[in-house]
Amino acid sequence: MALSKKPYKGTRDLYPPQKRAQNHLFDTMRKAAHSMGYEPYDGPLLEEVALYQAKSGDELIRDQIYSFTDRGDRFVAIRPEMTPTLARMVMGHHQQETKPIRLFSIPNLMRYEKPQKGRLREHWQFNCDIFGAPTMMGEVEILQMAINLLTSFGATSKQFEILINHREVVTNIFSDLMELDSQKVHALYKIIDRAKKVTKEELNKMITALSLTNRAELILTDYLQLSSFDQLILFLKQNKLEQQLAEVTLLVELASKLGIDQFLKFDPTIVRGLDYYTGLVFEIFDKNPDNPRAICGGGAYQNLLTIFGGPVMPAVGFGLGDVTLSDFLTTHGLMPDFTHPTSDIFISAQDSDAQIEVLKLAARLRQGGGLSVVTHPEPVKIKKAFPLAEKRGARFVALIGEQELTDGSVQIKNMATREQSTLKIKDQIEDIIKLIKL
Ligand code: HAM
């Protein structure tokens, strides 16, 4: 039986139109990161499973990780996320680095998920993280980065929102106010994390199965009804959660002064599936219900270096996936058309004697003008040259034939205006470059 032409389930073959579109996302990500002083890094595709077992959470390990034992008997995994690798790398280097440490990367990750809209088994993820910034300064900067990225694609607060919560607030409510033991706290976290993915009835059923006391249920109901930062602040005041009150108040104040508050909304169901978060947590959602999956998720984690014997260090960051970002941009008409290639000029010979002149002219235009030049490897007649140039997305077409060889010239035609110029290759190369660059 012949082999299948399809890529492995949940992965994509990226042909030039798809890869051009992805490069557009990556270029914009790199620009956003660079504009805020984030430095690039990368890490290995494989890590020891123990790295994820330490603090990523049981869902990732139990259901999603691609793991195997290598020839040296090491139990390894294809990276399902970048944060543990980053923490390991920061641990190896942070003593020499000036704080805060700002880093970004765009790794491809693999998770064994049920492929569906917004979820594949392989995706690329823009990761931005800051280590060693004072609490809430790092958080606000990271939120600003995510906003800058999305707005640089042309998106507005009418199209996306950042839903925010605070892990310590949730832990305090679950363990101190509701008086749940650590097992129930963990179970309730997992239930709340699923709140947006299940119906209200299913949610209630899962909560009922926890057999909470009446008092705990009342507190939980009150908590789940909080729907704004004002209500949260009041709740924290009433329940004397002083430290979280100070942090949330500072966040709200900073966001308002920076003018990013219109993007932010408190949401009690945002708790994040990964175990290492310790402070602010957030997810970015498309306001259009056609894209219900989070575009981005992140939060603050101060204990990740401790798994390597390192210090507690404030850290905060996010991961933003290319699949969900592309769905978001397409839905809102913010994705340019990358179906066709683009180039500056297409050059062809009209007979075989001119072929070498084509290659020489192409080399001079690339070196002297930094132009994107596509040549044709065999002679073609004028009539055939134009459709070929069009296929390559060329803005100009140049032809060299017998006449041009005799007088050392080239005919250049603007594909849009159909204007034609004849220029001398030897003396007028600068003019040719100028004409094409215009
Ligand atoms: P995460 O929430 O697991 O966080 O993933 C972040 C984003 O990656 C998601 O919001 C989504 O856009 C994208 N994503 C995740 N899984 C898939 C998938 N199977 N298919 C398509 N897209 C997906 C993390 O991974 C954290 N390590 C992020 C982080 C960085 N936290 C702090 N720093």
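Predicted model: local features only at pLDDT ≥ 70, side-chain atom pairs only at ≥ 80, totals over all residues.
Which residues do ring pairs link into a cluster? Keep that in mind for a minute, and I'll get to it. Hi everyone.

Let's start with the ligand. It has 26 residues around it, and the closest are Glu81, Thr83, Glu113, Asp129 and Tyr277. If you sort that shell by type, you get nine nonpolar residues, eleven polar ones and six charged ones. Where does the shell come from? Three strands each give at least two residues to it: E7, running 122-131, E11, running 296-300, and E12, running 315-321.

Now for some contacts to oxygen atoms of the ligand. Glutamine 125 uses its side chain: a polar atom there is 2.8 Å from a ligand oxygen. Alanine 294 does it with the backbone, where an N or O atom is 3.2 Å from an oxygen of the ligand. Glycine 321 also has a backbone N or O atom by a ligand oxygen, at 3.3 Å. And how much of the ligand does the protein cover? On its own the ligand has 660 Å² of accessible area, and the protein covers 96% of that.

Okay, on to the rings. We describe a pair of aromatic rings by how far apart the centres are and by the angle of the planes. The count here is 13 aromatic pairs. Take phenylalanine 229 and phenylalanine 266: their centres are 6.2 Å apart with 55° between the planes, a tilted pair. Phenylalanine 229 belongs to helix H10, residues 229-238, and phenylalanine 266 to strand E9, residues 264-266, so this pair ties together parts 37 residues apart in sequence. Buried or exposed, those two? Both phenylalanine 229 and phenylalanine 266 are buried.

Next, tyrosine 276 and tyrosine 301. The ring centres are 5.6 Å apart and the planes sit at 65°, so we call this pair edge-to-face. Tyrosine 276 is in the loop between E9 and strand E10 (280-286), while tyrosine 301 is in the loop between E11 and E12, so to speak two distant parts of the chain, 25 residues apart, linked by the pair. Tyrosine 276 and tyrosine 301 are both buried too.

Which brings me back to my opening question. The cluster linked by ring pairs is Phe131, Tyr276, Tyr277 and Tyr301.

Last stop: charges over rings. Arginine 121 has its charged end over the ring of tyrosine 112, 3.9 Å from the centre. Lysine 19 lies over the face of tryptophan 124, with 5.4 Å to the ring centre. That's it from me, thanks!

Notes
Residues numbered from 1 in each chain as written. Heavy atoms only, no water. Near = heavy atom within 4 Å. Polar contact = N/O pair within 3.5 Å; in protein donor to acceptor, adjacent residues only side chain to side chain. Areas by Shrake-Rupley, 256 points an atom, 1.4 Å probe, with all protein chains shown as cover. Helix = DSSP H or I, 4+ residues; strand = E, 2+ residues; numbered from the N terminus. Nonpolar A, V, L, I, M, F, W, Y, C, P; charged D, E, K, R; others polar. Phe/Tyr/Trp six-rings, centres within 6.5 Å; stacked < 30°, edge-to-face > 60°. Buried < 20%, exposed > 50% of the residue type's maximum accessible area, 1.4 Å probe, protein only. Lys NZ or Arg CZ within 6 Å of the ring centre and 35° of its normal.
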